[in-house]
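Work through the exercises below with the sequence and the model side by side. Try each task before you read its solution.

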Amino acid sequence: MLPKYIIEFAAPLRSRALSNHYSTDDPVTCVEFVEELLERGYRIRAIKHEGMELPKHDFDKMVKTAGGMLASKHICSALGISAEEGHFRFGFAA
């Protein structure tokens, strides 16, 4: 059975990028994995849903959501505040 989401990415190595993929059926897990890729600076080559590449708008929305989650974590960590306070002060999701 085909997984609902497949993320194709490349891990940067010294002289080349190592291509790989990650698959999941959970959309939340998918966004969390994209967040992890952004954190590590990996190249995201494609995000597929049920075997088809996401339309550009949906791809961008998923990356934007993951980027917001990453920014929230970094800001809350840097300021030593909880996710709830970060939501109240900066509007990030709690």
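This is a predicted model: local features need pLDDT of at least 70, side-chain atom pairs count only at pLDDT 80 or more; totals for chains, interfaces and linings use all residues.

**Exercise 1.** Is aspartate 60 buried, exposed or partly exposed?

*Solution.* Residues are numbered from 1 along each chain as its sequence is written, and side-chain values use heavy atoms, with hydrogens and water left out.

Step one is to recall the cut-offs: buried means under 20% relative accessible area, exposed over 50%, and partly exposed in between, with a 1.4 Å probe and protein chains only. Step two is to apply them: aspartate 60 has 36% relative accessibility, so it counts as partly exposed.

**Exercise 2.** Find the salt bridge of aspartate 60 and describe where its partner lies.

*Solution.* A salt bridge is a side-chain nitrogen of Lys or Arg within 4 Å of a carboxyl oxygen of Asp or Glu. The partner of aspartate 60 is lysine 56, with the closest N and O atoms 3.2 Å apart. Because the two residues are four places apart in helix H2, about one helical turn separates them; helices (H or I, at least four residues) and strands (E, at least two) are DSSP runs, numbered from the N terminus. Lysine 56, at 64% relative accessibility, counts as exposed.

**Exercise 3.** Which parts of the chain does the salt bridge between glutamate 50 and lysine 4 tie together?

*Solution.* First, the side chains of glutamate 50 and lysine 4 meet at 3.7 Å, N to O. Next, glutamate 50 lies in the loop between S3 and strand S4 (52–53), whereas lysine 4 lies in the segment before S1, so the pair ties together parts that are 46 residues apart in sequence. Another salt bridge joins lysine 48 and glutamate 8, whose closest N and O atoms are 3.0 Å apart. This pair links strand S3, which holds lysine 48, to strand S1, which holds glutamate 8, across 40 residues.
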